[in-house]
Amino acid sequence: ALPGHLLRGLLPLLTVFHLERAEDAARRAGVSTQPVWRKLWDDVMKTRPPNSESITCWRKKFLETFFSNVLHGVLDVSSDWRLNDRHFSPLLHSSPHVSQLTLCNMLQGAVELTAEHNHKVLENLAGSLRILKFQHLLSCDQSIKRSLVLLLHRLIHHGSVSQVSMCSWPVPDTVLLILILSMSAGFWRSGSALAYHGSPCGLCREEDKAQSQESAQEGAERGCNAEQECSRGENQKGSPKETEARMNSVLSGPRSPPLRNPACEETSSEVPCDHTSIQGGSSPRSSSEQLSCHPVPRKTRRRLKPAVGRKRRCLRRNRGHYADPEDLYDFVFTVAREDNSGLLDKTRNTEGENTENWTSSSPGSPCTGCKKRGGPAGLFSLKAAHRFRSVSTLELFSIPLTGETCRALSNLLSSWVSLEKLVLSYNGLHANISCILSGLRALSRHPECRFRVLRVSDMFSHMPCMELVRCVLSALPQLHTLSVSFDLKNHLDSSRPEENPSCSEAEISESCLEVLEMRFPREPLHTAFLLPVLKASKSLQQLSLDSATLPCPQELGLLLEVLKEYTPNLKKLSFHDVNLAEHQKEVLLLLQDPGLQEITFSFCRLFESSTTEFLSEIINTVKRNSSLKSLKLPGNRLGNHRLVALADIFSEDSSSSLCQLDVSSNCIKPDGLLEFTKKLEGHIQQRGGQIPFTHLRLFQNWLDQDAETAQEALRRLKAVCSVVNDSWDSSQAFADYISVM
């Protein structure tokens, strides 16, 4: 009820606990608490957060980081009086604001969160957490793994986590890795291994009870229907044979199943090499749905009786303690010897499709191990597993994946119907990319498949970049985004001819591709090889070409012709580290293209051998193009004089709609930036104070050489547009450059 001006003065004097409670009152009074939370960040965290310009809510940013720091023991709440409040429980009060959490090293955070005194904290996380990350993991004992199991089950299977990311695990524990992957995919044996604070998972128990009651009710209804039918039969006139026929039709109908826990039933899920036998899957859910999950009905699975001597899991489930550690993980996967016999030259898939030709390097072809075993080697046993809710995004960064791990992952992918995005970065896949694509190919045939984004990057390319793109799109025509990036070519495959005619001759069925990003390991860009991909991708809106070489002067012109003919919906085109110094004509053609809204020439050496006339032609072309919204020119050595000239894009006679300009890494000095600002201000006055320009990026320029001039230029620029820059030490950067020459 305080007036706004009094509340504004009071907020900085409150502890975090009371500041949280005053949030609603401040909102009603029209007072923003963002400056208070920002100052709290500066005082407590004492660091500048990455991408601070994009942070929209400092309250959430502070409390989320605060939670993580307290959980990992890197922040002492007694260090600041605003945190040291007897009413304030650090983990409990900050947990509702946590949407992203990282667990590190020996998973101490998992142990803390599953402790009984943090039960309410875990419940809060189940509702708020969307992204769960694992970083720098180390080997851990069975008790810690049990805590991890409980955490994953609560946050994924009965929670809201939609993305699991793992990174920087040089020597992964295979069992632990497959365990995290399988639980992310929704698989878990919900029996003896799952006890929560001395009792089985309450949410699972409630679901089982509800299902049992539903089954009992259905059985009772069917019994009543049968009774009524019999009663009607007695009253109806007819021959004894007709009455008997009616009775038989009623009694031969569906019968009520015995009362049992569906999760306790054993099933057989052996997977053939093409992964087509898995019909189940986690039902995709939005983050706004209820946190409780329900097992997905798998009507096509054949129910088997439990093996003799095997206890029913529903009986073991009632134990009030953990099962034997070996029983926890014996189902995860069966270790198999990695098969080194390579890939099949030809295979026929079991759905009756035509025979497809696969070479030893063709992704998507089933591996010999899959063919021999009826499923990928390293496959964890699915027959004892129950399917829960699963995540929609999986990211693996800098984690070596062996052959058996890839086969286990491939098996999971084949029925992971909720998966929408997969990122594999620096995993040393090599030929194992074939196994991964085999699982994704099986997934794409599933009627409920939602897979849309695939990003693959690695040190070495197993095959030419364009050939991999062609194979991926052939296997996954429903992809919307495909990113393929390699640093170096595999020297072991240098004997393979790059000009493989199959790349340009093979027809690809029409795809849904909207974004295509390719980073070539210094491979020549042959438009003929790209042609079948572009022909099949009529919905393409964004194309990025990185580190490619142009084999001849005519190649870029040919590419532009192909793009114009086959990609009418293209809106964004990016070149990075592609030498365009001798392609001034093609650069101007791109800048006048009426369909493109964003063009990037990043480190393309545009002005290396150009004249003053070329810069004037660029400016005049952009001035006449009313459709271009963003122009990015980082790393092209603009210098002061070219930057000042670019201000003429916004002159009085311009029809340009350019909103964003990126001139990062262009050797711009403070005096040049100030002159650009003054010229821009003059054009604004001539146009009555209205120009479309809204964003300027200035990263890694030489603005530290004259701090006073730079500050004046930035101050005046920020009155015109949003400016994004950094405090870059140009002298140190130059020294680093010299040291590696």
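These legends describe close-up views of a predicted model.

**View 1. Strands β15, β16 and β17 pair in parallel.** Strand β15 spans residues 542-546, and strand β16 spans residues 572-576. The two strands run in the parallel sense and share 5 bridges. One of these links aspartate 546 to histidine 576 of β16. On to strand β17, residues 598-602: 5 bridges join this strand to β16, again in parallel. Histidine 576 has serine 602 as its bridge partner in β17.

**View 2. Arginine 637 sits in a loop.** The loop lies between β18 (630-632) and α24 (639-646). Is arginine 637 buried or exposed? Its relative accessibility is 65%, so arginine 637 counts as exposed, the cut-off being over 50%. Leaving aside residues up to four places away in sequence, arginine 637 touches Arg642 and Asn666. Valine 663 is 26 residues from arginine 637 in sequence. In space, their C-alpha atoms are 9.2 Å apart.

**View 3. Strand β12 holds methionine 459 and serine 461.** The strand covers residues 453-461. Methionine 459 has a relative accessible area of 36% and is partly exposed. Tyr426, Met459, Phe460 and Leu488 make a nonpolar surface patch of about 320 Å². Serine 461 has 2% relative accessibility and counts as buried, because buried means under 20%.

**View 4. A salt bridge joins arginine 27 and aspartate 24.** The side chains meet at 2.8 Å, N to O. Both residues lie in helix α3, residues 23-28. They are 3 residues apart, about one turn of the helix. Arginine 27 is exposed, with a relative accessible area of 52%. Aspartate 24 counts as partly exposed at 43%.

**View 5. Lysine 39 forms a salt bridge with aspartate 43 in helix α4.** The closest N and O atoms are 2.8 Å apart. Helix α4 spans residues 34-44, and the two partners are 4 residues apart, about one turn of the helix. Lysine 39 is partly exposed, with a relative accessible area of 48%. Aspartate 43 is also partly exposed, at 27%.

**View 6. Arginine 605 and glutamate 608 meet through their side chains in a salt bridge.** The N to O distance is 2.9 Å. Arginine 605 is partly exposed, with a relative accessible area of 41%. Glutamate 608 counts as exposed at 52% relative accessibility. Elsewhere, salt bridges that share partners join Lys39, Asp43, Asp80 and Arg82 into one network. How many salt bridges does the count come to? The count is 23.

How values were computed: Residues numbered from 1 in each chain as written. Predicted model: local features only at pLDDT ≥ 70, side-chain atom pairs only at ≥ 80, totals over all residues. Heavy atoms only, no water. Pairing = 2+ DSSP bridges. Buried < 20%, exposed > 50% of the residue type's maximum accessible area, 1.4 Å probe, protein only. Contact = heavy atoms within 4.5 Å. Patch = residues over 30% accessible without salt bridge, like charges linked within 9 Å, V, L, I, M, F, W, Y side chains within 5 Å. Areas by Shrake-Rupley, 256 points an atom, 1.4 Å probe, with all protein chains shown as cover. Salt bridge = Lys/Arg side-chain N within 4 Å of Asp/Glu carboxyl O.
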